[in-house]
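Here is a short note for a colleague who is opening this structure for the first time. Please read the points with the view beside you.

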2 protein chains.
Amino acid sequence: MPIRILTQEDLIRSGCLDYSEALEVVEDAFVKYAKGDVIFPDKVSVVFNKESQNRINCLPAGIISENVYGMKWVSVYPENPKKFHKPNLSAVYLLSELTTGFPIAFMEGSMCSGMRTACVGALAAKYLAKKNSQKIGFIGAGEQAKAHFLALKQVLPKLRSCNVSSRTAESAEIFIKQMEQYHKDVSFANCKNDFESAVKDVDIIITAISGQEQILKADWIKKGCFYCHVAGLEDEFSVAKKANKIVCDNWEAVKHRTQTISQMYQKGMLKDSDIYADLHELVMGEKKGRENDDEFIYFNSVGMSYVDVALANWMYKKTVSKEQGTIIEMR
Amino acid sequence: MPIRILTQEDLIRSGCLDYSEALEVVEDAFVKYAKGDVIFPDKVSVVFNKESQNRINCLPAGIISENVYGMKWVSVYPENPKKFHKPNLSAVYLLSELTTGFPIAFMEGSMCSGMRTACVGALAAKYLAKKNSQKIGFIGAGEQAKAHFLALKQVLPKLRSCNVSSRTAESAEIFIKQMEQYHKDVSFANCKNDFESAVKDVDIIITAISGQEQILKADWIKKGCFYCHVAGLEDEFSVAKKANKIVCDNWEAVKHRTQTISQMYQKGMLKDSDIYADLHELVMGEKKGRENDDEFIYFNSVGMSYVDVALANWMYKKTVSKEQGTIIEMR
């Protein structure tokens, strides 16, 4: 029983940091979901500490036509950075093939997981942002913000200006230093902790911060904006109220979580009928995306495990073709 | 993020095939369960093919005082041997520590999983078999049968005679050849496919066959016998009807499965009140085990994931102290 063990280095060496290909895989995963080609059991979420919200989630999913079933195993420990100088998140993926049922790959997952989230946001932007969007503004400048920038630039190649704001000016600085290497046609501005100026005059807003502070105000948002909500509760309730369309990756999943619009639903401030569409309905052409340049559109995703497994399986196949990783005979 | 990758060889080299220690770990896991020290979410079971019953189960569990949370990922593909000359079962374990939430070990699991099942049967025998049991009879001679023999000999050291029956005389022959190396004080008899003679005059009966055939008859069972039902539907309904006590590892879990007594429950042939105890109640002294030498006692387990994780964690710690396995820096 050989299993391919894949480190993040193995994945990078195999060319898995390719956002253009990854976006195709992610879009295809939504098509497969819409066509009933995915296996999608409930996730298993265990919170070990109510106060710290330390948790490990197990997210199994399969894609029948790809002959693969697997899972993401992800830990979220918010206090890790402060207490141990370690990342708050860890993730690994396990994949099995469906002919014999044997596991085939065990891989580092923080890169894949981050790319998945960013690609889903970018896929939403493909259908919901103005095609000629030029200005983007970030609240939060961490790994998720960077991944979103890279993915969004694929679907919105005309992006020319990028404002970055963050509680610490330093992390915005790091964002800019790293991202300007990838896209030299974009001019970056470090807005430090002036969140308003970072997002006031942009076509795309991304909020990706840790912590639960309703920073983004409805007044800051201009007509025609696409807003991709990545974190938890980082926008005031009137933001979603102002939206012409609210789109989710999967509203049925979102509504039971703790995001801003989930909380609004739970408080009775938002009804099922206030949600315009789930992302796969746009991908399948069942509903229209953006219909004019004035709409303000709000997107919220919580992450679908079949997208994770589709992306991890794509990465696995890349490592096979590049002969990367360590193959271990388990028995 | 270093993860220890453990093959079956690594586990064997670290001394994990120690049934005596493993039994202590398994008994302790039931104590921990009774004391509320385990995290025990529902398993995720996906059947890919109704006809073949090909399936992959994901069984997460944690033990708080051991600072560990993990899961067993097990595939059961009944047609593998015939179609691909490969085992019908594969299993791997993933373990995370609960201080930072990071994964620490990824290990081959068929050995651990097999030892777990056998140790639970042996633990039941410790409380439910006659202390001076000398004769044991097997229906089925595969890996599970062998593991049960090794585990049972630990709790019933007076076993002197072992009858082995199987659909194929060859597998009984292999059973005997392998087992007589471990326990030279036992005399073995190959009963071939004469199931009745294998179990007619014994103190302990183990049925561990694949397939769904009600081979074991109530008439064959003598007074004072302990019967450990390992497989699915291998005994006629009147066996359980004849039992003075029926004990499970966890009746609430058993009753929703497809074992003999599960089917009897679903057909209305067995009520909740017909079940004498769950195993942890015997371990904790809340209920008496065997009370005299005449009782015929029926034991059925389906496997509790916290026992899996407890045993896997014990194995992991052994490999750490023996410096075995391959440590891979995942990122």
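1. Start with the two domains of chain A. Their centres, taken over C-alpha atoms, are separated by 24 Å. Keep in mind that this is a predicted model. The domain assignment gives domain 1 as 2–112 + 305–329. Domain 2 is given as 128–300. Domain 1 is thus written as two segments, so trace both on the view.

2. Where the domains meet, 9 residues of domain 1 of chain A are in contact with 9 residues of domain 2 of chain A. What is the make-up of the domain 1 side, in nonpolar, polar and charged residues? On the side of domain 1 of chain A that touches domain 2 of chain A, 7 are nonpolar, 1 is polar and 1 is charged.

3. Next, the overall form of chain A. The C-alpha atoms fill a box of roughly 60 × 40 × 40 Å along the principal axes. The radius of gyration of chain A is 19 Å. A compact globule with 331 residues would have a value near 20 Å, so chain A agrees with that expectation.

4. Inside chain A there are 12 helices and 16 strands. Buried residues make up 52% of the 331 residues. Now consider the contacts in chain A with a separation of 6 or more. Of these, 71% are between residues 24 or more positions apart.

5. Turn to the interface with chain B. Here 39 residues of chain A are in contact with 39 residues of chain B. Which elements of chain A each supply at least two residues to this side? The strands are β3 (44–49), β4 (54–63), β5 (68–76), β6 (89–97), β7 (103–108) and β16 (326–329). β4(A) gives the most, with 5 residues.

6. The side of chain A that touches chain B can also be sorted by residue type. It divides into 23 nonpolar, 12 polar and 4 charged residues.

7. How are the two copies related? Chain A can be laid on chain B by a turn of 180° and a shift of 0.0 Å along the axis, with an RMSD of 0.0 Å. The copies are therefore related as by a two-fold rotation axis.

8. Last, compare the two sides of the interface. Of the interface residues of chain A, 100% are also interface residues in chain B. The copies therefore meet through the same surface.

Technical notes. Residues numbered from 1 in each chain as written. Chains lettered and ligands numbered in written order. Predicted model: local features only at pLDDT ≥ 70, side-chain atom pairs only at ≥ 80, totals over all residues. Helix = DSSP H or I, 4+ residues; strand = E, 2+ residues; numbered from the N terminus. Rg over C-alpha atoms; globule rule 2.2 N^0.38 Å. Buried ≥ 20, exposed ≤ 12 C-beta atoms within 10 Å, placed from the backbone. Contact = placed C-beta atoms within 7 Å. Nonpolar A, V, L, I, M, F, W, Y, C, P; charged D, E, K, R; others polar. Least-squares fit on C-alpha atoms with pLDDT ≥ 70 in both.
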